[in-house]
Amino acid sequence: MRRPLVCGNWKMHNDLRGSLSLVKSLLLRLDPVWLDKVDVAVAPVFLHLSPVGKLLEGTPILLCAQDVFWEREGAFTGEVSPYMLRDVGCSLCIVGHSERRSYFGETDEGVNRKVKALISEGITPIICVGETLEEREAGRVFDVVGSQLDGALKNVECCTGNEFVIAYEPVWAIGTGRVATPEEAQEVHSFIRSRLEAMYGGVAREVRILYGGSVKPDNFASLISQEDIDGALVGGASLKSDAFSEIVKIAALEGC
Ligand code: PEP
């Protein structure tokens, strides 16, 4: 039985006041009954992790970073390490987001180094994979997603299934309002699960696989009710506490 996870990726949005008021509003809206059934996380910009984390102390809501560098410390101007994320209370970190791959040159090898560094610091990576529209139209979805998975998980152990989370985010669905159909998403989630099974055996059934790409309250129920969809990585809709809370509620009612 996989526990659903809903993570809000706030990207480069909000000033400090905006981040804090979004958390306060979420704390008022999220019903403890839903939080008994669903893991919920928010990912503000690096600068806001610490103050947002302070507001979340004593609550079940988890703190997530949007990126990381793999070294522990040193002369790496502008970077933040897993140990520093842990120090401010992060328990999750997004890696390999398509925006980082396309705008900042993130490679599968870099994702792999980040994944290993995070796991060794006790932080769970949320590893994003997904194809572009051209790749989908060229019939290359499984090639692309398969090789992103192989690259990210090279020499990564998986004993319990909780070491990492996968997020399938078709690039053509991110921030576009064009969501994958539940069948399109399930097809890739099921492929991801089989690939994990080939790597790790039966424990792959414990790994959570999130869907991301224009998730909204009105399209999420049919996605989360698919067999291999275990939650969502939510961008735009996570910036509104009413929409995000509704998505969490749907995960609690319809989730795995
Ligand atoms: C994301 O950036 O991870 C994402 C899924 O964004 P959106 O929900 O806005 O498509």
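The following conversation goes through a predicted model of one protein, from its overall build to single residues.

Q: How many helices and strands does the protein have?
A: In this predicted model, the secondary structure comes to 11 helices and eight strands.

Q: What percentage of the residues is buried?
A: Buried residues make up 53% of the 256 residues.

Q: What about the surface, then: how much of the accessible surface belongs to carbon and sulfur atoms?
A: Carbon and sulfur atoms hold 51% of an accessible surface that comes to about 11,400 Å².

Q: What share of the contacts is between residues 24 or more positions apart?
A: Such residues account for 71% of the contacts that have a separation of 6 or more.

Q: Let us turn to charges. How many positive and negative side chains are there?
A: There are 26 positive and 36 negative side chains. The centres of these two sets lie 4 Å apart.

Q: How many salt bridges does that give?
A: The count comes to 14 salt bridges. One of them joins Arg2 to Asp230, with the closest N and O atoms 2.9 Å apart.

Q: Where in the chain do Arg2 and Asp230 lie?
A: Arg2 is in the segment before strand 1 (5-9), and Asp230 is in the loop between helix 10 (217-224) and strand 8 (231-234). The pair links distant parts of the chain, 228 residues apart.

Q: Are Arg2 and Asp230 buried or exposed?
A: Both Arg2 and Asp230 are buried.

Q: Which residues are linked with them in a network?
A: Arg193 and Asp228 belong to a network of salt bridges together with Arg2 and Asp230.

Q: Which residue does Asp67 pair with?
A: Asp67 forms a salt bridge with Arg100, and the closest N and O atoms are 3.0 Å apart. Asp67 lies in the loop between strand 3 (62-65) and helix 4 (82-87), while Arg100 lies in helix 5 (residues 98-104), so the pair ties together parts that are 33 residues apart in sequence.

Q: Why does Asp67 count as buried?
A: Its relative accessible area is 8%, and buried means under 20%. Arg100, by contrast, counts as partly exposed at 26% relative accessibility.

Q: What about Glu131: which residue is its partner?
A: Glu131 forms a salt bridge with Arg136, the closest N and O atoms being 2.8 Å apart. Glu131 counts as buried, at 0% relative accessibility.

Q: A change of topic: which phi does Asn14 have?
A: Asn14 has a positive phi of about 80°, although it is not a glycine. Most residues other than glycine have a negative phi. Asn14 lies in the loop between strand 1 and helix 1 (16-29) and counts as partly exposed at 34% relative accessibility.

Q: And what is the phi of Ser214?
A: Ser214 has a positive phi of about 60° and is not a glycine either. Ser214 sits in the loop between strand 7 (209-212) and helix 10, and it is buried, with a relative accessible area of 10%.

Q: Last one: where is Ala237, and what does it touch?
A: Ala237 is found in the loop between strand 8 and helix 11 (241-254). Leaving aside residues up to four places away in sequence, Ala237 touches Val215, Lys216, Ala243, Phe244 and Ile247. Ala237 counts as buried, at 6% relative accessibility.

Note on methods:
Residues are numbered from 1 along each chain as its sequence is written. This is a predicted model: local features need pLDDT of at least 70, side-chain atom pairs count only at pLDDT 80 or more; totals for chains, interfaces and linings use all residues. Side-chain values use heavy atoms; hydrogens and water are left out. A salt bridge is a side-chain nitrogen of Lys or Arg within 4 Å of a carboxyl oxygen of Asp or Glu. Helices (H or I, at least four residues) and strands (E, at least two) are DSSP runs, numbered from the N terminus. Buried means under 20% relative accessible area, exposed over 50%, partly exposed in between (1.4 Å probe, protein chains only). Contact means heavy atoms within 4.5 Å. Accessible areas come from the Shrake-Rupley method with a 1.4 Å probe; for residues, only the protein chains shown count as cover. Lys and Arg count as positive and Asp and Glu as negative; His and the chain ends are not counted. The place of a charge is taken as NZ of Lys, CZ of Arg, CG of Asp or CD of Glu.
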